[in-house]
Amino acid sequence: MVVGDAAQLVNGIHREGSNHAILSGKVAAETAIEAHEKGDFSGRTLHRYRERLEKETPTMNDLRKYRNAVTFMERHPWVLTLYPQLAADSIAEMMNVDEESKRSKQWKILREVIRRGSIPRMIWDGIDGGRSFI
Ligand SMILES: Cc1cc2nc3c(=O)[nH]c(=O)nc-3n(C[C@H](O)[C@H](O)[C@H](O)COP(=O)(O)OP(=O)(O)OC[C@H]3O[C@@H](n4cnc5c(N)ncnc54)[C@H](O)[C@@H]3O)c2cc1C
């Protein structure tokens with residue numbers, strides 16, 4: 001039975017692994033106790049570990065939920081560069097106190113977002129990202 005990080009039970013999106021290490025360790029220990037009591041350490045008895053991990057912990061469901069997230073990030077690297085930059089520039093524009101009205105700033109931001117970001121691509125990224133994360 002392999003548990004925790006050694007079994008890659010790590011959810012990088014939520015930056016958590018200690019919970020999965022604890023839970024998988026617990027169900028592995030319970031399975032080992034059960035096997036000891038039965039005097040049967042065969043694959044069939046130890047398979048209960050995998051079943052417990054599926055049914056009694058959120059681990060496998062959580063990891064399955066984000067199975068496409070890393071691929072999404074690899075295919076859409078600008079999500080971690082262009083979009084945060086656009087958001088930061090937009091906030092800076094809105095917060096900057098000068099002689100320009102806020103409405104004018106809003107249009108300026110929209111033009112800049114369209115110029116640098118491409119609206120169709122952003123919509124598609126939103127749909128594709130939603131599928132990978134929700
Ligand atoms: C920088 C960082 C931040 C993190 N932040 C979070 C967080 O905020 N929340 C969260 O849930 N998770 C977080 N994690 C992940 C979390 O730390 C791990 O998922 C968790 O500690 C895994 O537990 P583990 O028992 O499987 O492995 P480990 O904690 O790595 O324990 C394995 C142990 O085995 C020992 N060992 C290795 N080889 C041998 C050997 N041959 N003989 C004897 N002993 C050996 C090691 O020294 C170690 O003590 C973070 C990880 C890192 C690196």
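1. Met1 counts as partly exposed because it has 17 C-beta neighbours inside 10 Å; a residue is buried with 20 or more other C-beta atoms within 10 Å of its own, exposed with 12 or fewer, and partly exposed in between, the C-beta atoms being placed from the backbone. Met1 sits in the segment before α1. Helices here are DSSP runs of H or I with at least four residues, strands are runs of E with at least two, and both are numbered from the N terminus.

2. This is a predicted model, in which local features need pLDDT of at least 70 and side-chain atom pairs count only at pLDDT 80 or more, while totals for chains, interfaces and linings use all residues. Residues are numbered from 1 along each chain as its sequence is written. The mean pLDDT of the protein is 94, and 100% of the residues score at least 70; pLDDT is the predictor's confidence in each residue, from 0 to 100.

3. Which residues does Met1 contact, leaving aside neighbours within four places in sequence? They are Ala28, Thr31, Leu46 and Tyr49, where contact means C-beta atoms, placed from the backbone, within 7 Å.

4. Leu23 belongs to helix α1. Leu23 is partly exposed because 19 other C-beta atoms lie within 10 Å. Not counting residues up to four places away in sequence, Leu23 touches Thr57 and Thr59. From Leu23 to Thr57, 34 residues apart along the chain, the C-alpha separation is 6.7 Å.

5. The largest nonpolar core consists of 5 residues, Val3, Val27, Ala28, Tyr49 and Leu53; such a core is a set of buried Ala, Val, Leu, Ile, Met, Phe, Trp, Tyr and Cys residues joined through C-beta atoms within 7 Å. Helices α1 and α2 (43-56) each supply at least two residues of this core. Leu53 also touches Ser24, Val27, Thr59 and Met60, not counting residues up to four places away in sequence.

6. Around the ligand are Gly4, Asp5, Ala6, Val10, Arg15, Glu16, Gly17, Ser18, Asn19 and Ala21, each with its C-beta atom, placed from the backbone, within 6 Å of the molecule.

7. The protein is divided into domain 1 (4-65) and domain 2 (69-133), with bounds from an automatic or database domain assignment. Their C-alpha centres lie 40 Å apart.

Definitions and conventions: Two residues are in contact if their C-beta atoms, placed from the backbone, lie within 7 Å.
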